[in-house]
There are 2 protein chains.
Amino acid sequence: MDLQERLNQEGLRLTHPRIVVMSILNEAQVPLSPQSIHQRAVVGGEDIGLVSVYRTLDLLAQLALVRRVHGRDDCHGYVLASPGHHHHLVCRECERAIEFTGGDDLSTLLQRIQRQTGFEVDDHLLQLYGLCPDCQTHQNNKE
Amino acid sequence: MDLQERLNQEGLRLTHPRIVVMSILNEAQVPLSPQSIHQRAVVGGEDIGLVSVYRTLDLLAQLALVRRVHGRDDCHGYVLASPGHHHHLVCRECERAIEFTGGDDLSTLLQRIQRQTGFEVDDHLLQLYGLCPDCQTHQNNKE
DNA sequence: CCCTTATTGAAAATAATTATCAATAAGGAG
DNA sequence: CTCCTTATTGATAATTATTTTCAATAAGGG
């Protein structure tokens, strides 16, 4: 966890709430809302303020240590982001989110769209939804 | 506009607020929030309730006549959706949103991810951000 | 160990969304 | 065209989410 360095670089401090938020996200397999992060902190005996959770998430998002993930219906949650550009694949049963990289197919697609539309594309958001291997087998058991 | 038929099919009624919301979305080039839709309605002399806007959007989204679009920072707005599966390309200057289709590149990508992760992927969200042709030239003029 | 100042947390202010329910109006039946 | 049924509306209130404010705290360099 290079959080320490990343913060110091910017003249920022490694504070208790920031550590707590990071470690909660680190353990979570699932995108979490500010509220649920706060709740987990409290349950875990870490009495940090909800407001700090909001602030910390904003900060971490700016530092690209954390990323917003959109649900299909409900709105965004936050997950830890490993360095580089990633996308997320979210299980519609257990909510588990895993990262993947776009690869060549996506580059080709982007180039095609740029050519076709004349837009200068500089960012993108790609999220997949489906069933993870575990939930697939559980599903079969039910039937 | 096959709205009439679509509604009747489901035993739903073609009401004033629904017409207003549809026509506002129809004219907009930009994803609109419930609030801004309501505001445009009021400005246009159509005095519909904000609550009905929310309800109408939910309904239209279910009927797939309307789609949620996510901004990079702020959260979602709604745009009219033509039938079929589409994605949106949003200009970061003027907010204009245009549709495009994923095509083969995306299918290839999806298949690769399914193979690599074992997930059964059944839906996806893809949005591109950039500068539309108009805003590119305006940008150049400034410099 | 002290000092500076970034950061916190509590509370209040704002904004966004959802629930409630009597009043209204869509549209089929006659 | 008018009546009747019932889906739908809109005003208000309730709930939930987010942002602002500001005095008190604590990180971390000197």
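How many bridges join strand β3 of chain B to strand β5 of chain B, and do they run parallel or antiparallel? The views below, taken from a predicted model, start there.

**View 1. Strands β3 and β5 of chain B, side by side.** Here β3(B) (residues 87-91) and β5(B) (residues 120-131) run parallel, held together by 4 bridges. For a landmark, pick Val90(B): Tyr129(B) of β5(B) sits opposite.

**View 2. The open sheet of 6 strands.** Zoom out from that pair and you get the order β4(A)-β3(A)-β5(A)-β5(B)-β3(B)-β4(B), with mixed pairing. The edges go to β4 (97-100) of chain A and β4 (97-100) of chain B, each of which pairs on one side only. Ignoring direction, neighbouring strands are turned by 25° against each other on average.

**View 3. The α5 helices on the sheet.** Helix α5 of chain A (residues 103-117) packs on the sheet, where it touches β5 (120-131) of chain A plus β3, β4 and β5 of chain B. Its direction makes about 130° with that of β5(A). Helix α5 of chain B (residues 103-117) lies across β3 (87-91), β4 and β5 of chain A as well as β5 of chain B, and runs at about 130° to β5(B).

**View 4. The surroundings of DNA strand D.** Two or more residues each come from α3 (34-43) and α4 (50-62) of chain A, and from α2 (16-27) and α4 (50-62) of chain B. The top contributor is α4(B), with 4 residues. By type, this surface splits into 8 nonpolar, 9 polar and 4 charged residues.

Technical notes: Residues are numbered from 1 along each chain as its sequence is written. Chains are lettered from A and ligands numbered from 1 in the order in which they are written. This is a predicted model: local features need pLDDT of at least 70, side-chain atom pairs count only at pLDDT 80 or more; totals for chains, interfaces and linings use all residues. A residue is near a molecule or strand if its C-beta atom, placed from the backbone, lies within 6 Å of it. Ala, Val, Leu, Ile, Met, Phe, Trp, Tyr, Cys and Pro count as nonpolar, Asp, Glu, Lys and Arg as charged, and the others, Gly among them, as polar. Two strands pair if DSSP finds at least two bridges between them. Axes are lines fitted to C-alpha atoms, for helices over the stretch in contact, and angles run from 0 to 180 degrees between N-to-C directions. Two residues are in contact if their C-beta atoms, placed from the backbone, lie within 7 Å.
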